[in-house]
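Me: I would like to go through this model term by term, setting each value against the rule behind it. Could we begin with the contact between the chains?

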Amino acid sequence: MSVSSLLLNHLQMQVETKKILIVEDNPGDLFLVNEFLRRTSFSMYEKVHADSMKDAIGELQNNTFQIILLDLYLPDSDGLDTFDTIFPLSGSAPVIVLTGLVDENITMTTLKKGAQDYIVKGEYDEKLLEKTIRYAIERKQNQELVKKSEEEYKLLFEGNPIPMMAIDIETLRITTVNDACVQFYGYSREEFGKLTIRDIRPPEDLMKLDNELVRLREFSNGLVKSGEWRHTRKDGSIVYVEIVSHGLMLGGVRARLVASYDVTERRKAEEYLRLLESAITNTNDSVVITEAHPGSSSDTPIIFVNSAFIKMTGYTAEEVVGKSPRILQGPKTDQREINRIRQALASWKSIEVELVNYKKDGTEFWVSLTLVPIADEAGHYTHWVSIQRDVTARRRLEEFTRQKLEKQVEERTRELNKALEKEKELVDLKSKFVSIASHEFRTPLASISFAAESIRNYFHQLSSKEIQQKLIKIEEQVSHMTNLLEDILTIGKSDAGQIKVKRVSLDLKEFIQSIIEEVQMPGKVKRTIYFNFNRVNAMANVDEKLLRNVTINLLTNALKFSSENDPVTITITDHKDGFLMEVKDEGLGIDAGELQSVFEPFQRGSNVSNVQGTGLGLSILKKAVDLMNGSIEVESELNKGSLFKVYIPVQ
Amino acid sequence: MKKILLVEDTGHLAEEIKDVLRLEGFNVVIAENGTRGIEIVADVKPDLIITDLLMAGVDGFELIARVRAMHQFARLPIIILSAKSSEADKQRGKEVGANAFVGKPCKAHELLTTINNLI
C-alpha cells in the first residue's frame, strides 16, 4: 500500500464515521441484519438503509461506504442486473450479497464478477456475519492493493520514456509495446502485433540475433545486457540501440521485457571520434597532444603521440607520455624560436615555427611545427595540439642550394673580376698599341717629310741621282707605312673578333709547296728551303687564309733574318689531333732576354734594326694560330738561328 | 763650321736629316744609338746634339743626363727629336737638361729654326 493511500484511510477513520449500506426491501430481513450487526464489532458503523435501487444509487452517489450488503431482489431491479448496477458504484467497499438458497447460480456469478462474499438469508448468525464482513474488507483491501500495484506497474511500462517491448521468447513475437516504442520505431501497436523481432533488424544481422537468442534462452530469467544492435525502423532507417532485457512469464509463456536504448547519436559521435583518431594515428605528420595548464606555460606534459611521432623520433609512447616536449630540444635548437613558442603558449595563440629537434639516438632533424590551443565546450583552453613535419630533406636542399648559389656567386664574381682585369689589360694594351703604332708612323713620316723638303728647298744643289734616291726613299717609307697600316688593321679585325675561321679540306703538302715557291726568291738569289712532309695524310681540314698567313710569315722571317747562303727547313709531322709545322733557320737568332716578348706587337729584336719590318708580323701570326686553336713555341740562340714550332689542330 | 752630333737609330731618317743639315752648312756626325753617342761625344766635341728618345740600350734621356754630367758639355745645346712627345716626356727632357723639344714628324725648317736659336 502506498504512503498516500495509508494516509487517506487514516484520515477517513478519524474524520468520518464509517458507514454500512444495507440494500434490502424486506423489513424482516432488514431487521435481522440490523440485529446481528449490533452484536458485531461493526456496531458503531452508521447503518444506511435503501429499499430500492433508486435509493441505493442515491446513497452511493452521496456517500462513501466501507461495506455494502446487497439483496439482489428489489422492487425496481432484479437479480444480476441489481449487482451489475451497484458494483461499479461500490468503489473500494466490498459488496456482500444477501441471497436466498434458491439463487445459488446467480450468487456464484456475482462472486465471479467481483462480489466479495455472500450470506444466505436465514442461515447466518452474528458470528458468521462478523467473520464474513471482516474477511470481505480484508480481501477487498488486498484486491485494491493489487489493482493499484498493477496500475502502477502498467504506468511504469507504458509511460517509460525508454522504448520497451515484451517478446515471446519462443515465437519471437512482439506481444506488448509502450508508447516510447511506438514513437521510436514508427510502427503502431497493431503493426507491432504482427511483427517478430527478426522483422526489426537488417537481414545481415539475423545470424548474430540467432546466436544471441541461444544465449538468452539459457539465461531466461535474469537481466541480460545484449550490447549494441542495429534495428530497422518502419521508415527503413537504421538506428543503433543498446539492448537490455529481463526474463518474465507473460500469460503463462516465457517472455522477455526488452528495453532499447537509442545510442545512434552516441554511436555517430563515436564513429566521428574514431575517424579523427584514426586520422591522427595514421597521418604521416607527427602529432603530439599536451595538457595545457592555464597560467603556467612552462610545463605541458605530453598525453598523446601518434605513430608518426614514434617513427620520427625513435621514442616509444611510454617514454614520452607525461614528459615535456622539451626533451626533443637540444644545443642546436634556436632559442629565439623557443621563445616565440613560449610567448604563444602564454597568450594561447597558434604558432608555426621551424627548428632543430633531436631523436632519441641524438640525431638532429628539422621540423616544421604548428601549435594550436584546444578549448573545451565552455571555451577554456585545455590542451595543445602540435603537428610536426620532418623538413630535414628540404632544409638540406635549401642549404645545399644556398651554398651552391654562394659558390656560384663567388665564382661569377671571380670570373667577372678576372674579365674586368682582362678588359682593363686589353684597354691598357690597346692604348699602348695606339701610342706605339702612332710612334711607328711618325718616324717614316719624318723621313718622308725631310726627303720631300730637301728636294723642294735644295733642288738645285742636289744631283739628279740624289733626288732619285730621295724619291725612292719616299716610296719605300710610304710602302712601309702601307704595310704597317695593313698589319694594324689585321690586328684590329682579329681583336674585334671579325676574323672567322673557315675550315676547308686541302692538300697540305701541295699547299705548303706552293707557298715555298712563292717566297723562295725574296731578292736576287733563290734561297734553299728544305721541305719534309712526314704526315700520313696529305689532306687537312684547315682555314686556308690563316694557315697561309702563318706559313708565309714564318718562312719570310726565316729568310729575312738569315744570310743568303743559309738554308731554311720546314717540316710537317702528325701531332695530337693535328699537325706540327716546324720552321728552322740558321740566321741571327733572338736574344734570350727578348725571347719572351717575341709575339708582342712592335717588339723588334735589338739585333735586327737594319732589317725591314713593322714589328707586327709575329704578333699577327700568334693571333692567327690562336684563332685556329693552335699553339706556338720558339727556341732560339743568338747567331745560331731560330726554330718556330706551330701546332695546328685539324678539327 | 758648326758640328752637330745626331743620335738616331732609324738609319733612313738619320740620313735625311744629315742631308738637310749638311746643305745648311753643318758638319753632322751620326751615332746609330745612345750607347754609340756616349762613346763618341767626347771625341766629336759637337756644338749641338740632336737625339732621339726611344733607342735600345742607352735611351735619349740617359744620354742627355750622361752628357750633361761631362764637365765640358754642361752648357752644350741639346735638342730632343722624338716621336715620343707627350707632356711628360717634354717635362722629363727638360729635367735631364734638354734645351729644346721637337716632335716627329716635323718640317726641316722647324728643326733648323730651333738649331739656329740655340747656336
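Me: What makes A:Lys473 and B:Glu16 a salt bridge?

Reply: A salt bridge requires a side-chain nitrogen of Lys or Arg within 4 Å of a carboxyl oxygen of Asp or Glu. The closest N and O atoms of A:Lys473 and B:Glu16 are 3.1 Å apart, so the pair meets that rule. Across the interface of chain A and chain B, the rule finds 4 salt bridges.

Me: What kind of model and numbering do these values rest on?

Reply: This is a predicted model, in which local features need pLDDT of at least 70 and side-chain atom pairs count only at pLDDT 80 or more, while totals for chains, interfaces and linings use all residues. Residues are numbered from 1 along each chain as its sequence is written, chains are lettered from A and ligands numbered from 1 in the order in which they are written, and side-chain values use heavy atoms, with hydrogens and water left out.

Me: How many residues does the contact take from each chain?

Reply: With contact meaning heavy atoms within 4.5 Å, chain A gives 20 residues and chain B gives 23 residues.

Me: Why are E1 and E2 of chain B called paired strands?

Reply: Strands are DSSP runs of E with at least two residues, numbered from the N terminus, as are helices (H or I, at least four residues). Two strands pair if DSSP finds at least two bridges between them; 5 bridges join E1 (residues 3-7) to E2 (residues 27-31) of chain B, which run parallel, and therefore the two strands pair.
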